[in-house]
Amino acid sequence: MKMKELGGKIMLATYEIGIDLGTANILVYCKNKGITYNEPSVVAMDTITKKVLAVGIEAKQMIGKTPGKIVAIRPLKDGVIADYDTTTEMLRYVMTKATKKAGFSIRKPNVIICTPSGSTSVERRAIHDAVKNAGAKQVHLIEEPVAAAIGANLPVDEPVANVVVDIGGGSTEVAIISYGGVVSCHSVRIGGDKLDDDIIHYVRKEFNVLIGERTAEQVKVELGYALVDHDEITMEVRGRDLVTGLPKTITLSSYKIRDAMKESLLHILEAIRATLEDCPAELSGDIVDRGVILSGGGALINGLQEWISNEIFVPVHLAPSPLESVAIGTGKALKYIGKLQTAVK
């Protein structure tokens with residue numbers, strides 16, 4: 001790595017950042033600085049001029065509250081790029097903001113970015129090109145479960161089984177990692193967003209009331225439980241009555257919300273079981289001893305750890321920072337990069 005001397009100060013000519021390009025949130029990890037950016041993956045655009053007006057928290061607050069010519073969109077769906085141009089603009093903004101906050105003055109960083117393990121070569125190329133066009137010097141791709149495992153401080157470069165369940169906004173990745181590679185992996189396009197949709201559909205069907213995405217997310221956080229026994233909790237939410245068109249307040253129960261999310265949670269459990277079934281016999285003993293690690297925002301659903309443990313008869317642990325595991329892992333992946341993958345040219 002070359003160095004330049006400017007005004008008595010020695011500056012590195014290149015630096016590395018890790019990006020967790022999530023469906024719900026984007027996190028950026030800068031070496032020696034930790035996480036310097038953590039905001040929602042939302043962009044507010046002017047539909048006439050195609051100009052980006054806001055990114056992140058500011059844009060998320062606009063969802064469902066903007067006039068006709070301004071639209072707040074999420075350019076990533078199910079963990080992959082749905083709107084290429086908007087994603088590139090968002091990445092350019094995010095990388096500039098994160099590197100300024102970290103105190104870097106050189107413009108073009110080397111970027112390590114994670115991709116869903118179930119993504120196609122076309123989807124991976126789209127992510128690579130979007131980051132490159134946003135101003136990266138070199139781009140390395142790393143699989144999301146591997147990044148989550150590194151971020152959770154698991155010994156991914158040793159020949160022992162590390163089982164990671166990464167429940168993100170758009171997808172859930174379940175992988176068994178040993179000696180720097182993925183031994184067995186299953187990915188389902190079910191995550192936090194699908195659980196929000198389940199709640200919206202339940203409220204619409206049961207009460208004939210329409211609630212927004214942000215309200216559904218709030219209900220999921222406060223009332224969302226895995227399929228375990230718990231004391232009932234209720235909360236009031238406001239939405240639009242589909243019959244009268246007027247605002248209406250309704251009371252929701254945690255029991256009913258649990259039932260609404262049941263099918264999606266069972267799909268996640270099925271992916272975990274399928275991955276464990278594909279595990280080589282030699283690694284099965286490690287899994288019984290070491291257990292399974294949960295990461296991602298979905299891992300914070302009440303009772304999820306207990307429920308999965310009861311269903312698969314294996315210890316289940318929560319990653320130290322579930323929301324940040326993948327981002328931290330991408331940043332730490334530099335020392336593993338030779339073992340894990342090669343840069344996309």
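**Ground rules.** I am working with a predicted model, in which local features need pLDDT of at least 70, side-chain atom pairs count only at pLDDT 80 or more, and totals for chains, interfaces and linings use all residues. Residues are numbered from 1 along each chain as its sequence is written, and side-chain values use heavy atoms, with hydrogens and water left out.

**Helix 5 and helix 7.** I took helices as DSSP runs (H or I, at least four residues) and strands likewise (E, at least two), numbered from the N terminus. The axes of helix 5 (residues 192-207) and helix 7 (residues 254-277) come within 9 Å and cross at roughly 135 degrees. Axes here are lines fitted to C-alpha atoms, for helices over the stretch in contact, with angles from 0 to 180 degrees between N-to-C directions. The pair is therefore oblique; angles under 35 degrees would be roughly parallel, over 145 roughly antiparallel, and 65 to 115 roughly perpendicular, with the rest oblique. On the helix 5 side I noted Lys194, Leu195, Asp198, Ile199 and Tyr202, and on the helix 7 side Lys256, Ile257, Ala260, Met261, Ser264 and Leu265. Contact means heavy atoms within 4.5 Å. I sorted these residues into 7 nonpolar, 1 polar and 3 charged, where Ala, Val, Leu, Ile, Met, Phe, Trp, Tyr, Cys and Pro count as nonpolar, Asp, Glu, Lys and Arg as charged, and the others, Gly among them, as polar.

**Helix 7 and helix 9.** These axes come within 11 Å and cross at roughly 45 degrees, so this pair is oblique too. Leu265, Leu266, Leu269, Ile272, Arg273 and Leu276 of helix 7 meet Leu304, Trp307, Ile308, Glu311 and Ile312 of helix 9. That contact has 9 nonpolar, no polar and 2 charged residues.

**Cores.** I next checked the nonpolar cores, sets of buried Ala, Val, Leu, Ile, Met, Phe, Trp, Tyr and Cys residues joined through side-chain atoms within 4.5 Å. The largest has 45 residues, and Leu252 and Leu304 have the most contacts inside it. Helix 7 gives the most to this core, with 8 residues. Another core, of 27 residues, lies apart from it and includes Tyr15 and Ile113.

**Gly298.** Is Gly298 buried or exposed? Gly298 counts as buried because its relative accessibility is 10%; buried means under 20%, exposed over 50%, and partly exposed in between (1.4 Å probe, protein chains only). I found Gly298 in the loop between strand 19 (292-295) and helix 9 (304-312). Leaving aside neighbours within four places in sequence, Gly298 is in contact with Ile167 and Leu304.
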